[in-house]
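Let's take a walk through this structure together. Keep the view open as you read, and start with the spot picked out just below.

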Amino acid sequence: KENPEINSYEKLREFVEAYVNNNYIQNSQLDWENSLKSEIVKASGYEKVEGLVDRELERRVENYLQKFKDVGMDPAEYLKNSNVDLDELKKEWRSGAEEDIKFELVLQEYGKSKGFKPSEEEMQEELTKLDGNTRKMYNSDEERLKSMITYYYVNSKSFKEIADQIDANSDTKVSDVKTSEKKTKVKSKKS
């Protein structure tokens with residue numbers, strides 16, 4: 001598509017430069033968040049999460065297969081024709097699923113210790129944003145939808161607060177952020 005605001009080489013150069021810079025900043029932020037996530041998981045001390053990981057892998061397989069159904073393809077036919085083995089996929093996905101589970105456990109524990117939960121106004125706002133597919137997935141069960149929204153709200157708010165504590169105290173390590181119910185403050189090295 002043509003962009004009427006880009007009507008010269010100089011404008012094109014500025015547009016591309018801004019796009020590349022914005023992309024670099026976004027990728028740097030994602031890299032930092034992923035690194036922080038890994039550090040949080042390492043510091044968490046969670047060991048035995050196999051049952052949760054197995055359920056997460058099953059959920060991922062269901063989502064993977066559903067994508068083919070959504071575009072009118074037969075998942076079994078696709079798997080056969082592309083030589084994709086679901087057991088091999090699960091093996092590839094296992095470490096990521098384990099890290100995700102441990103990370104979410106930390107976020108939920110942190111959020112619980114802080115008393116995070118969406119206000120009624122925030123809840124209603126999120127409910128109105130839900131698309132038909134999400135509502136269909138939950139059979140329009142209002143309580144399940146609210147539970148899902150609360151879960152993601154707590155995770156998001158917890159991660160933001162932990163990240164802000166790490167970012168605001170550049171000499172603070174992830175292990176200094178206590179996520180248990182008894183200690184939820186950052187131990188400052190400056191004190």
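## A serine to start with

Ser 140 has 48% relative accessibility, so it counts as partly exposed; buried means under 20% relative accessible area, exposed means over 50%, and partly exposed is what lies in between, with a 1.4 Å probe and protein chains only. You'll find Ser 140 in the loop between helix H6 (132–137) and H7. Setting aside neighbours within four places in sequence, Ser 140 is in contact with Arg 135 and Leu 145, where contact means heavy atoms within 4.5 Å.

Before going further, a word on what you're looking at. This is a predicted model, in which local features need pLDDT of at least 70 and side-chain atom pairs count only at pLDDT 80 or more, while totals for chains, interfaces and linings use all residues. Residues are numbered from 1 along each chain as its sequence is written, and side-chain values use heavy atoms, with hydrogens and water left out.

## The whole chain

The protein chain has 7 helices and 0 strands. Helices (H or I, at least four residues) and strands (E, at least two) are DSSP runs, numbered from the N terminus. Read from the N terminus, the elements go α-α-α-α-α-α-α.

Of the 191 residues in the protein chain, 27% are buried. The accessible surface of the chain comes to about 13900 Å², and 49% of that belongs to carbon and sulfur atoms; these areas come from the Shrake-Rupley method with a 1.4 Å probe, and for residues only the protein chains shown count as cover. As for contacts between residues at least 6 apart in sequence, 62% join residues at least 24 apart.

## Helix H2 and its buried face

Helix H2 covers residues 50–70, which makes 21 residues, and reaches 30 Å from its first C-alpha to its last, close to the 30 Å expected at 1.5 Å a residue. That expected span is 1.5 Å times one less than the number of residues. Which residues of H2 are buried? They are Val 53, Glu 56, Leu 57, Arg 60, Val 61, Tyr 64, Leu 65 and Phe 68. Seen down the axis of H2, these buried residues fall within an arc of 170°, so they line one face of the helix; the arc is that of the directions from the helix axis to the C-beta atoms.

What covers the buried residues of H2 includes helix H3 (75–81) and helix H4 (86–114). After H2 comes Gly 72, with a positive phi near 80°.

On the way to H4, look at the loop between H3 and H4, where Asn 83 sits. Phi of Asn 83 is near 55°, a positive value in a residue other than glycine, and Asn 83 is exposed, with a relative accessible area of 70%. At the start of H4, a side-chain oxygen of Asp 85 reaches to within 2.8 Å of the backbone nitrogen of Asp 87.

H4 has 29 residues, which should span 42 Å at 1.5 Å a residue; its end C-alpha atoms are 39 Å apart, which agrees. H4 also bends by about 45° at Trp 93, the bend being the angle between axes fitted to the seven residues ending there and the seven starting there. Buried residues in H4 include Leu 89, Ala 97, Ile 101, Phe 103 and Tyr 110. Asp 100, also in H4, counts as buried at 19% relative accessibility. Not counting residues up to four places away in sequence, Asp 100 touches Lys 37 and Arg 60. Following H4 is Gly 115, whose phi is positive, near 75°.

Val 154 is in helix H7 (residues 142–168), and at 5% relative accessibility Val 154 counts as buried. Its contacts, leaving aside neighbours within four places in sequence, are Leu 107, Gln 108, Gly 111 and Phe 116. The C-alpha atoms of Val 154 and Phe 116 are separated by 5.8 Å, though the two are 38 residues apart along the chain.

Is Ser 158 buried or exposed? At 0% relative accessibility, Ser 158 counts as buried. With neighbours within four places in sequence left aside, Ser 158 is in contact with Leu 107, Tyr 110, Gly 111 and Phe 116.

Definitions and conventions:
Polar contact = N/O pair within 3.5 Å; in protein donor to acceptor, adjacent residues only side chain to side chain.
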